[in-house]
Amino acid sequence: MSALTSALPAVSAAFAASLVEVVEAFTIVLAVGSTRGWRAAWVGTGAALALLAGLVAAIGPALLRMPIHALQLVVGVLLLLFGLGWLRKAILRAGGVLALRDEAVLYERATRELGAESSATAPAAASGTAGGARRRLDWIGVVTVFKAVLLEGLEVAFTVLAVGAGHDLIAEASLGAAAACALVLVIGMALRRPLARVPENGLKFCVGVLLTAFGVYWSGEGLSLSWPGAELALLGLIALFAIVGLGTASLLRQASVQRESRA
């Protein structure tokens with residue numbers, strides 16, 4: 001039961017965080033594949049994923065060799081800062097202070113920009129042979145996808161390492177991240193359109209709550225604090241931050257409605 005209590009929040013946090021980041025990265029992959037060619041999209045994606053896998057494989061064992069209390073304190077503080085950033089943005093968006101992210105709009109913008117670049121480079125490609133043009137790899141598309149997947153993937157890698165290192169759950173957290181990647185890839189390629197209906201802000205809120213709770217819990221363990229109920233205290237922290245976050249978002253929405261009514 002204790003192992004399940006530790007693993008479930010870690011896997012859930014890795015899955016939810018990865019789902020959000022992969023949806024954002026897939027929007028760019030889809031835009032590049034649709035405008036610059038799928039070969040460039042897959043080459044860029046594969047290169048970024050290989051680099052990220054190497055980073056996790058290299059850094060993960062090194063983290064596990066650190067003294068456990070020092071590791072928990074460092075990771076706890078980083079998770080707390082990272083989680084509060086996610087939670088703040090999700091609360092502000094839920095409260096109407098910030099606009100919600102729209103993957104469909106971002107996809108249309110990306111396809112327009114990439115299409116314009118493709119038109120600009122078309123004359124140069126036409127000057128070569130037709131067979132050479134077909135074989136030539138579109139490096140603009142490769143670099144665009146590589147940067148998008150790498151940037152979004154670094155947040156996934158950080159989440160996997162951070163939530164997994166504290167209690168030696170990197171493998172479990174990695175499985176959660178891999179499941180999210182597979183889910184987005186299967187659904188996205190089947191639909192061939194951006195996953196605009198994914199409740200992205202709700203997922204970001206959940207991730208913010210989970211990472212913030214992990215941050216507080218592991219910072220406490222790093223300082224050798226004794227939590228009531230041991231690992232069950234983590235569930236209490238998750239509930240606490242969820243209630244505070246939902247309450248804050250509700251207050252912001254009410255304030256926004258009052259401002260609109262006075263205007």
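## Helices α6 and α8

In this predicted model, Thr 159, Ala 162, Val 163 and Gly 164 of α6 make contact with Leu 211, Phe 214 and Trp 218 of α8. Sorted by class, the residues of this contact are five nonpolar and two polar, with no charged residue taking part.

Helix α6 covers residues 139-165 and helix α8 covers residues 200-222, and the two pack with their axes 10 Å apart at an angle of about 40 degrees. The helices α6 and α8 are therefore oblique to each other, and their crossing is left-handed.

## Helices α3 and α8

Helix α8 also packs with helix α3, residues 68-94, where the axes come within 6 Å and cross at roughly 155 degrees. Angles over 145 degrees count as roughly antiparallel, and α3 and α8 are therefore described as roughly antiparallel to each other. The crossing in which α3 passes α8 is left-handed, and the residues of this contact divide into 19 nonpolar, ten polar and four charged.

## Helices α3 and α6

Between α3 and α6, the axes come within 9 Å and cross at roughly 135 degrees, which makes α3 oblique to α6. This crossing, too, is left-handed. On the α3 side the contact is made by Leu 71, Val 75, Leu 78, Leu 79, Phe 82 and Trp 86, and on the α6 side by Glu 155, Phe 158, Thr 159, Ala 162, Val 163 and Ala 165. By class, the residues of the contact of α3 with α6 are ten nonpolar, one polar and one charged.

## The largest pocket

The largest pocket holds about 550 Å³ of space. Its lining is made up of 24 residues, among which Val 22, Leu 49, Leu 52, Val 149 and Cys 181 are the closest to the centre of the pocket. In terms of class, the lining comprises 19 nonpolar, three polar and two charged residues.

Helices α1 (2-35), α2 (38-64), α6 and α7 (170-191) each supply at least two residues of this lining, and the largest share, seven residues, comes from α7. Helix α6 therefore has a place in several parts of this description, since α6 is oblique to α8 and α3 is oblique to α6, while α6 also supplies at least two residues of the lining of the largest pocket.

Definitions and conventions:
Residues are numbered from 1 along each chain as its sequence is written. This is a predicted model: local features need pLDDT of at least 70, side-chain atom pairs count only at pLDDT 80 or more; totals for chains, interfaces and linings use all residues. Side-chain values use heavy atoms; hydrogens and water are left out. Axes are lines fitted to C-alpha atoms, for helices over the stretch in contact, and angles run from 0 to 180 degrees between N-to-C directions. Helices (H or I, at least four residues) and strands (E, at least two) are DSSP runs, numbered from the N terminus. Angles under 35 degrees count as roughly parallel, over 145 as roughly antiparallel, 65 to 115 as roughly perpendicular and the rest as oblique. A crossing is left-handed if the near helix is turned anticlockwise from the far one by less than a right angle, and right-handed if clockwise. Contact means heavy atoms within 4.5 Å. Ala, Val, Leu, Ile, Met, Phe, Trp, Tyr, Cys and Pro count as nonpolar, Asp, Glu, Lys and Arg as charged, and the others, Gly among them, as polar. On a 1 Å grid over the protein atoms alone, a cavity is a set of points where a 1.4 Å probe fits but cannot get out, and a pocket is an open set with protein on both sides within 12 Å along at least five of seven lines; lining residues have an atom within 4 Å of a point. Grid points are joined across faces, edges and corners, and a volume is the space filled by probe spheres set on the points.
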